Amino acid sequence: MAFESLSDKLQNVFKKLRGKGRLSEADVKAALKEVKMALLEADVGFKVVKQFIKSVEERAIGQDVLNGLNPGQMVIKIVNEEMVSLMGSETTEIKLNPGNAITVIMMAGLQGAGKTTTTAKLAGKFKAKGKRPLLVACDVYRPAAVKQLQVNGEKQGVPVFSMGEKHKPVNIAKAAIEHAEKNGNNVVILDTAGRLHIDEDMMAELQEIKENVHVDQTILVVDAMTGQDAVNAASMFNDKIGIDGVIVTKLDGDTRGGAALSIRAVTGKPILYVGMGEKLSDLEQFYPDRMASRILG
Ligand code: GDP
């Protein structure tokens, strides 16, 4: 189950808090120290943890929480609220242009993050909303990527536009948009090339697409299991090309939760969806409150 190790640790802290009738300032500080350790072990970034604990502590020790009827429960409620706020509070939808106006979405990410799979998963979501998506194979370095997109597109019943591996991604993107205009597709999703590490070539290629094609939304795909590396990737992509939101994949195998908890705080950009498995239906909208409940039990 996702986040089980973080979840277990926090629930232990909470059990102790609930067990005490009255709480002193020292009790709260000791509990928050344990929460802090649990978050750091979950691979949440140090700065994020520090700020989080500070916010909780100010609220928990400040007002009349400690003199209230059920101080342990109040502290737990504050941790919950601050965790929801850390993840952005609201659910963010991917903005689509109305009616038949085309929305162009550029998918970016490191190789292996789950970008191609997620691209096909997203197409399924848009199709279910009555949109007519077109998937576009802009990853010209891996012939297998083009094939993979075609196979997944077919499974989703969504057309795939490809020009093989001999054209520049920016030209494929332009041709795909023309194709979409002619064929009545109103969401064009560009599956771009990933590399093992962030490098200048990859960024230049994405920038070139953005400079020459009207991209409405740039969505970054990151792998939850890589923890802080995923957060760092999100920061770098955001600085270099500008992203509108993030999809965090492989949450089904992530016992720690560091990436999901830190991305919003570090980049200021929302998590839009989370990948919960390999099947094309395993993509869920991201609800900060539900995620906090899942973690806090
Ligand atoms: P890309 O290189 O970024 O395009 O990555 P792929 O889409 O090829 O995905 C890499 C691997 O991750 C594949 O085996 C996918 O099935 C797997 N994968 C993608 N998303 C998820 C997810 O949410 N959960 C799990 N368990 N596996 C995933």
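The exercises below, each with a worked solution, concern a predicted model of one protein chain.

**Exercise 1.** Describe the overall make-up of the chain, taking its secondary structure, its extent and its burial in turn.

*Solution.* Begin with the secondary structure, which comes to eleven helices and eight strands. Next, consider the extent of the C-alpha trace, which spans about 70 × 40 × 30 Å along its principal axes. Then turn to burial: the chain has 297 residues, and 52% of them count as buried. Finally, look at the contacts between residues at least 6 apart in sequence, of which 78% join residues at least 24 apart.

**Exercise 2.** Determine how the axes of helix H1 and helix H2 are arranged, and which residues make the contact.

*Solution.* First locate the two helices, H1 at residues 4-19 and H2 at residues 25-41, whose axes come within 9 Å and cross at roughly 175 degrees. Angles over 145 degrees count as roughly antiparallel, and therefore H1 is roughly antiparallel to H2. On the H1 side the contact is made by Leu6, Lys9, Leu10, Val13, Lys16 and Leu17, while H2 contributes Ala31, Glu34, Val35, Ala38, Leu39 and Glu41. Sorted by class, this contact has eight nonpolar, no polar and four charged residues.

**Exercise 3.** Identify the residues with the most contacts inside the largest nonpolar core, and follow one of them to its partners.

*Solution.* The largest nonpolar core has 80 residues, and inside it Met83 and Phe237 are those with the most contacts. Follow Phe237 and leave aside its neighbours within four places in sequence: Phe237 is then in contact with Ala108, Gly109, Leu110, Ile198, Met202, Met203, Leu206, Leu220, Gly242 and Ile243. A second, separate core has 20 residues, including Ile94, Ile105, Val146 and Val158. As background, nonpolar side chains in soluble globular proteins tend to be buried together.

**Exercise 4.** Is alanine 292 buried or exposed, and which residues does alanine 292 touch?

*Solution.* Start with its place, which is in helix H11, residues 288-296. The relative accessible area of alanine 292 is 0%, and because buried means under 20%, alanine 292 is buried. Not counting residues up to four places away in sequence, alanine 292 touches Asn80, Met83, Val84 and Met87; of these, Met83 was named above for its contacts in the largest nonpolar core.

**Exercise 5.** Describe the span that UniProt lists as "domain: SRP54-type proteins GTP-binding".

*Solution.* The UniProt record, an unreviewed entry, gives residues 270-283 for this feature. In the model, the end C-alpha atoms of residues 270-283 lie 16 Å apart, and the span is 0% helix and 43% strand.

Notes:
Residues numbered from 1 in each chain as written. Heavy atoms only, no water. Core = buried A, V, L, I, M, F, W, Y, C linked by side-chain atoms within 4.5 Å. Buried < 20%, exposed > 50% of the residue type's maximum accessible area, 1.4 Å probe, protein only. Contact = heavy atoms within 4.5 Å. Axes fitted to C-alpha atoms, helices over the stretch in contact; angles between N-to-C directions. Helix = DSSP H or I, 4+ residues; strand = E, 2+ residues; numbered from the N terminus. Parallel < 35°, antiparallel > 145°, perpendicular 65-115°, else oblique. Nonpolar A, V, L, I, M, F, W, Y, C, P; charged D, E, K, R; others polar. UniProt positions renumbered as here; feature names shortened; annotations may be inferred.
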